[in-house]
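Hello,

Here is the structure you will be working with from now on. Please open it first, then read the notes below it.

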Amino acid sequence: MFEHLASVVPDPILGLMAAFRADTDPRKVDLGIGVYRDEDGNTPVPAAVRSAERALLASQKTKSYVGPAGNPGFNQAMEQLVFGAAHPAVTGGRVRSVQTPGGCGALRLGAELIRAAAPDSVVHVSTPTWANHTPLLAGSGLRLERYPYFDATTGGVQFAAMMAAVQRLPPRAVLLVHASCHNPTGADLSTEQWRELLEVVRRRELLPFIDMAYQGLGEGLDADAFGLRLFCAELPEVLCAVSCSKNFGLYRERTGSLHLVSPSPAAADAALSQLVRIARGIWSMPPDHGAAIVHAVLAEQTLRAQWLAELEGMRRRIVELRLEVVQQLRRHCPQRDFGFIARQRGMFSFFGIETAQVQALRQRHHVYMTDDSRMNIAGLRRGNLEYFAQAVSQTLAA
Ligand code: LMR
């Protein structure tokens, strides 16, 4: 049966990860896959996560099933983290939450729910958007279209063009937006822009699908969820896909959640039953370990405080790296303005160089970023900043 299948090229991000691992040059710099790295180039397990994990392993008495909606304590703790204290949608009983295998699982589950409710729905994604949005959302059978987003001349958001496109969308169109730390560009909406977008979404009766994979790594836990909280307070229906990969360092444990805001508690219950049915048909039950850790970290005051401090340390490091790389680039490539990197947030920036230059950086200098010139700022460190800036300077001059 399978002998007729043609091979496919690897996902660009995963292909780059494999190429970096195979590179034996000691100077190599990984700005590819979106994982946080410390000054030694490691992706650490946060100490709070490690402590919670140790306690969990010591106390766990069974590995029996948890259930298709996952760990209720985790789901509740995630609602608090994502929506903040006393959010009106939560207190009004309009939110239902399901634990998922990572943010990817949440995106797919949300897409499957949309497909079950309205099979002809079109999901509108930003130009550009995270490469994996396409297989995750279109894989459920939904059609994808694009709206303008990134302004390469300023490194910010092309807000007027975005709004013009959103204003033309038909009622019930799905609008996928990144809550913060936009992947791949690092260009986020301001609070004022979120408010303006809300009015159009409300008027056009669109369904927002909000992807939040980097809460706490942009401006802070609350600021990064500003748009999500605003939309969920003001609109009858919203889907939110959340990842714990980056802010808890739980990448391979596949930990995430899908939160659905419904017009009424009864509608929320019905939708939850559908989510549970769909999850049962895909992964049956989500993996437990990561969610149990997150629940323990968020529930225990000391661990929570430790995690908050660690997360803030990661966030500050990224902000500082943004400032430092701009300084280095100013010194080594004075002919070009890279100041936009300091204005962007989260792990990524769109560097704005040609694909041939990206490839030259990789081949001649062992600096890895995706072909579209997305770079993971957290892959830089004080020890390689100057090497990176010199490599860019030589590449641009070639
Ligand atoms: C990324 O964008 O690099 C990360 O979210 C990892 C992934 O799965 O692509």
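The largest pocket in this model, which is predicted, has a volume of about 1100 Å³. It is lined by 41 residues, and those closest to the centre of the pocket are I33, G34, V35, Y251 and R252. By class, the lining of this pocket splits into 19 nonpolar, 11 polar and 11 charged residues.

Three helices each give at least two residues to the lining of the largest pocket: α1 (12-22), α2 (47-59) and α5 (102-117). The biggest share comes from α1, which supplies five residues.

There is also one cavity of 30 Å³ or more. The volume of the largest cavity is about 30 Å³. Its lining is made of Y147, Y149, V177, H178, H182 and L189. Four of the residues in that lining are nonpolar, two are polar and none is charged.

The last item is a pair of helices. Helix α3 covers residues 72-83 and helix α12 covers residues 289-299; their axes come within 9 Å and cross at roughly 55°. That angle is why α3 counts as oblique to α12. The crossing of α3 with α12 is left-handed.

Which residues meet where α3 and α12 are in contact? On the α3 side they are G73, F74, A77, M78 and L81, and on the α12 side A291, V294, H295 and L298. Sorted by class, this contact has seven nonpolar residues, two polar ones and no charged ones.

Regards

How values were computed. Residues numbered from 1 in each chain as written. Predicted model: local features only at pLDDT ≥ 70, side-chain atom pairs only at ≥ 80, totals over all residues. Heavy atoms only, no water. Axes fitted to C-alpha atoms, helices over the stretch in contact; angles between N-to-C directions. Helix = DSSP H or I, 4+ residues; strand = E, 2+ residues; numbered from the N terminus. Parallel < 35°, antiparallel > 145°, perpendicular 65-115°, else oblique. Left-handed = near helix turned anticlockwise from the far one by under 90°. Contact = heavy atoms within 4.5 Å. Nonpolar A, V, L, I, M, F, W, Y, C, P; charged D, E, K, R; others polar. 1 Å grid on protein atoms, 1.4 Å probe; cavity = no way out; pocket = protein on both sides within 12 Å on 5 of 7 lines; lining within 4 Å. Points joined across faces, edges and corners; volume = space filled by probe spheres on them.
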